Amino acid sequence: NAGYATYMWDKMGCGKSEGTFDYNQSVQNSSSEVIAAINTLKKRNIPGTKNIGLWGISRAGWINPLVINQYNRIKFWISVSGVDDKENFKYLLKENLEIDGVSKDSVNLIVDEYMKGTRITHSGGKYDNYLNATKNLQKNDFWTRFMNGGVSEEHYYLFQKKFMDKNLDDQTGLQIYIDDFDNILSNVDCPVLALFGEADKNVDWRKTKKLYQETLGKNTDLTIKSFPNCNHNLFKCKTGGFYEIEDDNLPWDRCEGFIDSITIWLNMQAKSEKSD
């Protein structure tokens with residue numbers, strides 16, 4: 001009714017899509033998948049494909065800039081809970097441990113063990129060495145729940161095989177998802193709407209906001225909005241904890257103004273397109 005056609009597709013190996021599902025699919029491969037989807041829509045002459053924009057949440061904050069850099073006819077990008085260039089799990093772990101009431105010293109110890117485990121895994125270390133270096137991490141309730149009981153030896157070596165090919169930042173020890181991400185963002189030439197939940201405990205939204213302002217904000221039409229008491233997925237919350245809605249049986253209520261912000265912004269882009 002609003003005049004926009006919206007499309008999404010089954011991930012590889014899911015639903016009716018061919019191929020094999022890979023939980024650790026690279027963002028570069030995912031961007032190629034987006035372009036393949038766009039080309040398929042155009043080939044089939046699906047209504048709306050003359051003006052294509054991208055909407056994506058979280059991990060899509062890596063994927064969509066790559067798409068825009070490779071496919072230069074993207075009309076707009078709506079980034080929800082976007083990311084910077086590095087792995088965000090250290091932030092997620094620390095914030096959720098604090099929500100669980102873990103003492104500051106224990107939080108620092110557990111997060112430090114997580115980073116030690118990352119370095120051991122990346123350097124080709126043995127599973128036993130990993131376990132010995134992460135004893136407190138392995139006993140933590142949040143970690144074991146998040147990892148479905150913990151890290152098995154089979155899972156460790158399967159993950160390590162791919163992880164060793166990734167680049168780690170020398171200063172932080174975190175995985176770098178996209179090299180030269182600042183320049184990739186700076187090359188984005190379409191209007192961008194960036195939306196954040198201020199209680200996001202998955203991604204450090206303030207860090208991403210600053211990055212967007214320093215890159216996108218200097219080269220394109222950037223609009224940023226943040227919503228108080230809203231989590232990573234832009235639902236109303238109290239703490240923003242990873243399991244809060246599930247454990248506290250909270251309703252899945254969208255943040256006030258989230259959908260309206262998208263609607264108003266899209267209408268502004270449409271009017272601008274017509275005037276041009």
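Strands β1 and β2 (residues 74-80) pair in the parallel sense over six bridges. Two strands count as paired if DSSP finds at least two bridges between them. Helices (H or I, at least four residues) and strands (E, at least two) are DSSP runs, numbered from the N terminus. This is a predicted model: local features need pLDDT of at least 70, side-chain atom pairs count only at pLDDT 80 or more, and totals for chains, interfaces and linings use all residues. Residues are numbered from 1 along each chain as its sequence is written, and side-chain values use heavy atoms, leaving out hydrogens and water.

**Sheet**

- An open sheet is formed by four strands, in the order β1-β2-β5-β6, with parallel pairing.
- β1 and β6 (222-227) are the edge strands, and each pairs on one side only.
- From one strand to the next, the twist averages 10 degrees.
- β2 also pairs with β5 (residues 192-197), in the parallel sense, over four bridges.
- Trp55 has Ile78 of β2 as its bridge partner, while Ser79 has Ala194 of β5.
- α10 packs on the sheet and touches β2, β5 and β6. Contact means heavy atoms within 4.5 Å.
- The direction of α10 makes about 165 degrees with that of β5. Axes are lines fitted to C-alpha atoms, for helices over the stretch in contact, and angles run from 0 to 180 degrees between N-to-C directions.

**Strand β1 and its crossover**

- In a regular strand the side chains alternate between the two faces of the sheet.
- Buried means under 20% relative accessible area, exposed over 50%, and partly exposed in between (1.4 Å probe, protein chains only).
- β1, helix α2 (residues 60-70) and β2 make a right-handed β-α-β unit. Right-handed here means that, with the strands pointing away from the viewer, the path from the first strand over the helix to the second runs clockwise.

**Leu193 in β5**

- Leu193 lies in strand β5 and is buried, with a relative accessible area of 1%.
- Leaving aside neighbours within four places in sequence, Leu193 is in contact with Trp77, Ile78, Ser79, Thr223, Ser261, Ile262 and Trp265.
- Leu193 and Lys43 are 150 residues apart along the chain, and their C-alpha atoms are separated by 28 Å.

**Helix pair α3 and α4**

- Helix α3 (residues 89-99) packs with helix α4 (residues 104-122) at an angle of about 155 degrees, their axes 10 Å apart.
- That makes α3 roughly antiparallel to α4. Angles under 35 degrees count as roughly parallel, over 145 as roughly antiparallel, 65 to 115 as roughly perpendicular and the rest as oblique.
- On the α3 side, the contact is made by Phe89, Lys90, Leu93, Lys94, Leu97 and Glu98. On the α4 side, Val107, Ile110, Val111, Tyr114 and Met115 make the contact.
- The buried residues of α3 are Phe89, Tyr91, Leu92, Leu93, Glu95, Asn96 and Leu97. They pack against α4, α6 (135-139) and α7 (141-146).
- Gly101 follows α3 and has a positive phi, near 85 degrees.

**Thr215**

- Thr215 sits in the loop between α10 (205-214) and α11 (216-219).
- At 4% relative accessibility, Thr215 counts as buried.
- Leaving aside neighbours within four places in sequence, Thr215 is in contact with Asp182, Leu185 and Ser186.
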